[in-house]
Amino acid sequence: MSGTVGVHALVRRAHEERVLSLLRDRGALSRAQIATRVGLSRTTLSEITGELLARGAIVVVNTDAKARAGSGRPAELLALDPHSGQFMGVDLGHNRVRVAVADASHEIIARGVSSYAAETPWADRLAAAFALIERTGRESGVTYQALQGVGVGLAGPQPAGSAQSGIVSDAFSRRFAAPVLVDNNTRFAALAEAIAGGDDVRDVLYVRLSDGIGGGLVVGGRLVAGRFGVAGEFGHITADRSGDVCRCGKRGCLETVASVPAVLRACRLATIEDLSAALATGDSTAITTIERVATAVGRVLADAALILNPEQIVIGGRLVRAAPGIVARAGAIVEAELVPAGGDRPRIRAARLGDDDGTLGAIAALFKQSPLLAGYPETAGSMQ
């Protein structure tokens with residue numbers, strides 16, 4: 001009899017861990033959403049969530065009344081106890097640093113941004129980041145005493161074991177008594193886009209057209225870094241073999257065609273706002289340039305899609321916000337290049353998130369590997 005009780009306790013604990021892991025990963029969800037995602041019956045799920053609520057492991061944070069269509073009683077949304085942990089995302093870009101802090105229920109409780117010159121040394125960039133974190137904490141009342149992890153996104157490729165990543169990791173580890181995760185900020189953005197809007201997308205190909213061009217791959221719901229930590233560098237795929245020399249030393253990389261500086265040079269314009277204005281007034285040079293950009297992006301993404309077979313392709317960045325027509329034109333190229341076999345075509349869309357995508361993705365990466373669940377309260381003897 002005791003063996004049966006022990007097996008029952010183990011099964012129940014496994015169900016609890018699946019529910020807690022889902023809420024850690026996805027944030028607030030209704031009981032129906034939880035039941036569907038973890039594959040439990042409504043009755044079993046009700047018992048599990050009832051016990052977790054009683055123990056204080058999860059709490060009711062809201063209802064779905066705002067998003068609900070039609071009549072009916074709003075469903076309660078359950079989440080991890082917001083006070084049980086904090087997660088910080090930092091995006092150290094080319095000319096600015098952003099920070100966001102989330103609680104355990106995925107609510108952003110603090111955020112801030114600070115600028116610096118593109119040629120600023122790394123020591124000064126780190127100093128600017130720590131100053132911003134302190135200021136953001138003061139202004140929001142967040143003390144960081146419950147910090148469970150820090151995710152830091154850096155611009156440019158971040159090979160495994162690179163000196164830059166090591167310097168940043170060491171600096172944040174000395175500053176905060178919490179695990180530190182360092183990766184490319186565009187890869188973090190890819191993860192943020194994969195879960196944006198409540199999507200449950202497992203396989204995403206993401207490219208960002210901005211001052212440089214980066215990308216990221218999400219496979220099976222997780223970021224792919226590659227053997228040496230540089231997966232997703234779409235900006236350095238050759239788009240024009242007779243094109244300009246890229247900063248990487250190769251000729252005709254996509255970055256020499258479709259980055260913001262390359263487009264502005266081709267259009268003889270000074271700012272991204274000038275480009276938006278030129279497109280709005282029907283300037284022929286701007287229109288032709290953007291068509292060329294969209295075609296190059298589409299061909300690169302089509303090649304990648306044939307190899308990777310993604311569920312979704314997301315195109316974002318400053319250039320897309322200035323010239324949103326790039327997405328439709330590039331998408332048409334991808335559609336035309338894909339072979340007819342292989343089932344459904346990938347959905348191709350513009351990025352939903354703005355400049356906070358790197359910090360939000362860093363936080364999402366922390367949620368996916370956080371040891372937070374180990375500290376949740378259990379009932380006495382629940383594993384006996």
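**An open sheet and a pocket**

Good morning. The second largest pocket of this predicted model holds about 490 Å³ of space. A pocket here is an open set of points on a 1 Å grid over the protein atoms alone, where a 1.4 Å probe fits, with protein on both sides within 12 Å along at least five of seven lines; its volume is the space filled by probe spheres set on the points.

The lining of the second largest pocket comprises 27 residues (each with an atom within 4 Å of a point). Nearest the centre lie H94, N185, R208, S210 and D211. The lining divides into 3 nonpolar, 13 polar and 11 charged residues, where Asp, Glu, Lys and Arg count as charged and Gly counts among the polar.

Residues are numbered from 1 along each chain. Local features need pLDDT of at least 70, and side-chain atom pairs count only at pLDDT 80 or more, whereas totals for linings use all residues.

I turn to the sheet. Its 5 strands (DSSP runs of E, at least two residues) follow the order β6-β5-β4-β7-β8, with mixed pairing; two strands pair if DSSP finds at least two bridges between them. The sheet is open, and its edge strands are β6 (108-115) and β8 (180-184). Strands β4 (86-92) and β7 (147-154) run parallel, joined by 7 bridges.

Finally, the helices (DSSP runs of H or I, at least four residues). Helix α6 (185-195) packs on the sheet and touches β4, β7 and β8 (heavy atoms within 4.5 Å). Helix α6 also supplies at least two residues of the pocket lining.

Conventions. Side-chain values use heavy atoms; hydrogens and water are left out. Axes are lines fitted to C-alpha atoms, for helices over the stretch in contact, and angles run from 0 to 180 degrees between N-to-C directions.
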